[in-house]
Amino acid sequence: MSDAHLSERSLPDQSEPLDLTMEPIRLGHPDPDPEESTPRAPRSRRWKIAMGAGLAVGLLGTAAFGTFGWRVAQQKDTDVTVRPEVAGLRQDDSERARSTADYLRSGFAASIQLDRSFGVVYQDPADERKSVLVFGGTTLLWQPERELDALFGMMTDETGAVEGLREVPAGRLAGVMKCGTTSGEGGDFAVCGWADHGSVAMGMFPGRPVDAAGTLFRRIREGIQTRA
């Protein structure tokens with residue numbers, strides 16, 4: 001039996017041949033790009049951090065300036081009035097005392113530009129050898145401590161080194177107050193100074209130690225200095 005009839009017979013419903021290639025068949029989801037898999041900080045977040053840091057620094061600077069400005073405004077309008085009696089002392093109105101006070105006032109005013117200046121000698125009723133000399137003036141000072149240190153330096157040039165200079169409590173009027181010792185014709189004596197944004201003054205205290213001079217100087221200041 002011939003098989004020719006089989007070769008001529010068509011195959012019904014024959015599918016198209018499969019195209020097999022060398023490419024592997026991937027199953028599941030494709031692998032992501034490594035560069036895309038690393039999370040990046042959003043630019044907006046970095047910008048917010050930088051802005052926050054800058055704002056914090058700015059606020060600190062503004063707060064510091066505000067505190068400084070408030071202190072200047074509080075202290076700049078200062079008045080110093082010589083009282084006949086203050087802190088248990090009495091003003092010495094003798095010719096010699098007036099001459100000494102005027103000499104100290106003039107010398108002080110020549111060292112720093114002042115709107116008003118003063119000088120006074122006070123007697124201690126308990127001991128006439130413990131007279132107190134106070135001189136200074138009022139003006140706007142932006143850097144009170146620096147000005148006070150400069151005045152102590154000038155005194156060093158005139159009378160000799162001011163030794164043991166240290167800061168002492170300034171009291172309710174604030175600012176800065178310092179005391180030390182120097183030498184004169186009568187021997188060593190205490191010298192003190194105060195400064196704030198509206199005034200600066202110095203005092204000489206023969207026969208008194210530094211601690212006692214600082215306490216007395218603070219009382220004198222609170223008795224003669226006022227603010228608007």
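**Close-up 1. Aspartate 77 and its salt-bridge partner lysine 76 in the predicted model.** Aspartate 77 counts as partly exposed, because its relative accessibility is 41%. The residue forms a salt bridge with lysine 76, and the closest N and O atoms of the two lie 3.1 Å apart. Lysine 76 likewise counts as partly exposed, with a relative accessibility of 37%.

**Close-up 2. The salt bridge between arginine 116 and aspartate 79.** The closest N and O atoms of arginine 116 and aspartate 79 are separated by 3.0 Å. This pair links distant parts of the chain, since arginine 116 belongs to strand β4 and aspartate 79 to strand β1 (residues 78-80), 37 residues apart. Arginine 116 has a relative accessibility of 53% and therefore counts as exposed. Aspartate 79, with a relative accessible area of 28%, is partly exposed.

**Close-up 3. The salt bridge between aspartate 149 and lysine 178.** In this pair the closest N and O atoms are 2.9 Å apart. Aspartate 149 is located in helix α5 and lysine 178 in strand β7, so the contact ties together parts separated by 29 residues in sequence. Aspartate 149 is partly exposed, at a relative accessible area of 33%. Lysine 178 counts as buried because its relative accessibility is 10%, under the 20% cut-off.

**Close-up 4. The disulfide of cysteine 179 and cysteine 192.** One disulfide is found in a search of the whole structure. The S to S distance between cysteine 179 and cysteine 192 is 2.0 Å. The link connects distant parts of the chain, with cysteine 179 in strand β7 (residues 176-184) and cysteine 192 in strand β8 (residues 187-195), 13 residues apart. The angle about the S-S bond is 110°, and the link is right-handed. Both cysteine 179 and cysteine 192 are buried.

**Close-up 5. The largest pocket and its lining.** The volume of the largest pocket is about 1,200 Å³. Its lining comprises 34 residues, of which Thr100, Leu104, Leu133, Phe189 and Met204 are the closest to the pocket centre. Two or more lining residues come from each of α4 (95-111), β4 (116-123), β5 (132-138), α5 (144-159), β8 and β9 (199-206). The greatest contribution is that of α4, with eight residues. By residue class, the lining of the largest pocket contains 14 nonpolar, eleven polar and nine charged residues.

Note on methods
Residues numbered from 1 in each chain as written. Predicted model: local features only at pLDDT ≥ 70, side-chain atom pairs only at ≥ 80, totals over all residues. Heavy atoms only, no water. Disulfide = S-S within 2.5 Å. Helix = DSSP H or I, 4+ residues; strand = E, 2+ residues; numbered from the N terminus. Buried < 20%, exposed > 50% of the residue type's maximum accessible area, 1.4 Å probe, protein only. 1 Å grid on protein atoms, 1.4 Å probe; cavity = no way out; pocket = protein on both sides within 12 Å on 5 of 7 lines; lining within 4 Å. Points joined across faces, edges and corners; volume = space filled by probe spheres on them. Nonpolar A, V, L, I, M, F, W, Y, C, P; charged D, E, K, R; others polar. Salt bridge = Lys/Arg side-chain N within 4 Å of Asp/Glu carboxyl O.
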